[in-house]
Amino acid sequence: MSATTRSRTPDRLCAEAVDLARAAAEEAAAPGVVGEHAGMVSEGDRVVTHFFECKEMGYRGWRWAVTVTRASRAKAVTLNETVLLPGSDALLAPDWMPWSERLRPGDMGPGDLLPTDAEDLRLEPGYSGEDEPAPNAPVSEEMAELAAAEDAEITAAPPAALPLVPSRGSIASVAEELGMRRARVLSRYGLHVAADRWEESYGAKTAMAQAAPATCVSCGFLNPVGGSLGQAFGLCANEFSPADGRVVSLSYGCGGHSEAAVMPAPPRPAPPVIDETRVDPFPLRPSPDSGSVSLGPDESSAEFGHS
């Protein structure tokens, strides 16, 4: 069975229906935004699309596309559809991206919520104490050991009324005091990502640090931070520093260093003194009286030699 081949030669009546296509474009668009006829293309048998330039602001390179058609053996051309389509050099909006990829540091404002993904690589499970049984629960290890040691039945009495108070009940409070009672904590990947970001913003390779008199590790305004990050970072507490309230690298520095005023200035050679307004004459021959022995009145005309 042979496939049916559609003709790509524009239908004559549809190709001549430029005025019909323009009227349809002007009806769909705002007044005065439909430009010159920009060509046509055959879409199939007795189906032609006419293109018109779009003069509307913000739609550079776009074209109004009006498709006309006619029935078989009919002389009347009818309108099919009118749309605004981008051309090859059209000004287009960037491809859509999910919010998690569009978000940048500083975009979140008051009242905004930033949910974290359950599989966020920057976080890992922490200790919350929710999965641990209560110290007086029948399934706790302390109660089982207590029952075996005392040879007694498990009762619903509070732990304080028992002959031996289980020690596991203090784990949750200790974990909360140490800041560990959280559902998730930073992973090593999260720590490295944060350290790279802080090092790039307030690190040794910045222009401010290159011109600083000393590094932050010797500055009195540096407030140390705990944890593993405290070995490389601290918190700036100098209100006149560009990094005030920011996490800075210990190798960072600025002109607001606490010891900048008392540090000895590095020695610098004195600049050369050149007097460009004075002219020093240099004779081509030595002066007669430039020697160590002065000449007498008759010696200037005497012959050279010894007496």
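Helices (H or I, at least four residues) and strands (E, at least two) are DSSP runs, numbered from the N terminus. Residues are numbered from 1 along each chain as its sequence is written, and side-chain values use heavy atoms, with hydrogens and water left out.

**Confidence**

- The predictor's confidence in each residue is called pLDDT and runs from 0 to 100.
- The protein chain has a mean pLDDT of 77, with 69% of its residues at 70 or more.
- Among the elements of the chain, strand β9 (residues 247-249) has the highest mean pLDDT, 95, while helix α4 (residues 141-150) has the lowest, 61.
- Residues 1-6 have a pLDDT below 50, and beyond near neighbours in sequence this stretch has one contact (heavy atoms within 4.5 Å) in the model.
- Where pLDDT is low, the predicted coordinates should not be read in detail.

**Two arginines with positive phi**

- Most residues other than glycine have a negative phi.
- Arginine 46 has a positive phi of about 60°, and its place is the loop between β1 (34-44) and β2 (47-54).
- Arginine 73 also has a positive phi, near 65°.
- Arginine 46 is partly exposed at 30%, whereas arginine 73 is exposed at 80%.

**Salt bridges**

- The structure holds two salt bridges (a side-chain nitrogen of Lys or Arg within 4 Å of a carboxyl oxygen of Asp or Glu).
- One of them joins aspartate 11 to arginine 70, with the closest N and O atoms 2.9 Å apart.
- Aspartate 11 lies in the segment before α1 (12-15) and arginine 70 in the loop between β3 and β4, so this pair ties together parts that are 59 residues apart in sequence.
- Aspartate 11 is buried at 12% relative accessibility, and arginine 70 is buried at 18%.
- Arginine 12 and glutamate 16 also meet in a salt bridge, at 3.6 Å from N to O, and both of these residues are exposed.

**Nonpolar cores**

- A nonpolar core is a set of buried Ala, Val, Leu, Ile, Met, Phe, Trp, Tyr and Cys residues joined through side-chain atoms within 4.5 Å.
- In the largest core, which has 15 residues, Ala25, Val34, Phe52, Trp64 and Val66 touch the most other members.
- Two or more residues each come from α2 (18-28), β2 and β3, and β3 gives the most, with four.
- A second, separate core of ten residues includes Tyr202, Cys236, Ala243 and Tyr252.

**Histidine 50**

- Histidine 50 sits in strand β2 and is buried, at 0% relative accessibility.
- What does the side chain of histidine 50 reach? At 2.8 Å from this side chain is the backbone oxygen of cysteine 14.
- A polar contact of 3.1 Å joins the side chains of histidine 50 and histidine 37. A polar contact is a pair of N or O atoms within 3.5 Å; within protein, one must be able to donate a hydrogen and the other to accept it, and residues adjacent in sequence count only if both atoms are side-chain atoms.
- Leaving out residues up to four places away in sequence, histidine 50 touches several residues, including Ala21, Met40, Trp64 and Val66.

Definitions and conventions. Buried means under 20% relative accessible area, exposed over 50%, partly exposed in between (1.4 Å probe, protein chains only).
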